[in-house]
Amino acid sequence: MKKIIVLAVMCALAPLASAQLYKYVDKNGKTVYTDQPPPDAEAKPMGNIPSAPAGAGKTYVERDKELQKGRDKARDEAKKADEKSRANAEREEACRQATAQANMYDAGGRFMTINAQGEKVYMTDEEIEAAKQKSHRDVEELCKK
């Protein structure tokens, strides 16, 4: 039980600790940063470096809320990007289908439709021309960038 109390007190006091930082160049020419001055080299004190992490003044709840906001924002951006790519894919598919239909009418031939009774009926030349013009309007509308 005493060990737990001592550990709790040490954990509570740990953020209050800070260390003096020293900078010097060793005999090999390397710059060294240390918390203790070297006995055989001239060291420049860099000042006290707090051991508490950045944002230590905020509570865990505040930090968690900030992190959650970041996660929510990233999720919303990913969702928007996904919706945009899905809409682009749908538009490209509609353009492809309209282009295929326009090409079919441009190739010519006899076309038929199915009437209300479920019977095949050949299209007249006027119906084919109207469908051809409509398919070209659809291509212009759906395939513009």
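How many salt bridges does a search of the whole structure find? The search finds 5, a salt bridge being a side-chain nitrogen of Lys or Arg within 4 Å of a carboxyl oxygen of Asp or Glu. This is a predicted model, in which local features need pLDDT of at least 70 and side-chain atom pairs count only at pLDDT 80 or more, while totals for chains, interfaces and linings use all residues. Residues are numbered from 1 along each chain as its sequence is written, and side-chain values use heavy atoms, with hydrogens and water left out.

**Stop 1: salt bridges**

Select E93 and R96, whose closest N and O atoms are 2.5 Å apart in a salt bridge. Both residues lie in helix α2, 3 residues apart, about one turn of the helix; helices (H or I, at least four residues) are DSSP runs numbered from the N terminus.

Next, select D106 and K132, another salt bridge, with closest N and O atoms 3.9 Å apart. D106 belongs to helix α2 and K132 to helix α3, so this pair ties together parts that are 26 residues apart in sequence.

Then select D138 and K134, a salt bridge with its closest N and O atoms 3.0 Å apart. These two are 4 residues apart in helix α3, a separation of about one helical turn.

**Stop 2: the disulfide**

Select C95 and C143, which form a disulfide with sulfur atoms 1.8 Å apart; the term denotes a pair of cysteine sulfur atoms within 2.5 Å. The pair links distant parts of the chain, 48 residues apart, with C95 in helix α2 (residues 60–107) and C143 in the segment after α3. The torsion about their S-S bond is about 115 degrees, so the disulfide is right-handed. C95 counts as buried at 18% relative accessibility, whereas C143 is partly exposed at 22% (buried means under 20% relative accessible area, exposed over 50%, partly exposed in between, with a 1.4 Å probe and protein chains only).

**Stop 3**

Select S135 in helix α3 (residues 125–142). With 2% relative accessibility, S135 counts as buried. Apart from neighbours within four places in sequence, S135 is in contact (heavy atoms within 4.5 Å) with A98, Q101, A102 and Y105.

Finally, select Y105, F111, M123, I128 and A131, the 5 residues of the largest nonpolar core. Such a core is a set of buried Ala, Val, Leu, Ile, Met, Phe, Trp, Tyr and Cys residues joined through side-chain atoms within 4.5 Å.
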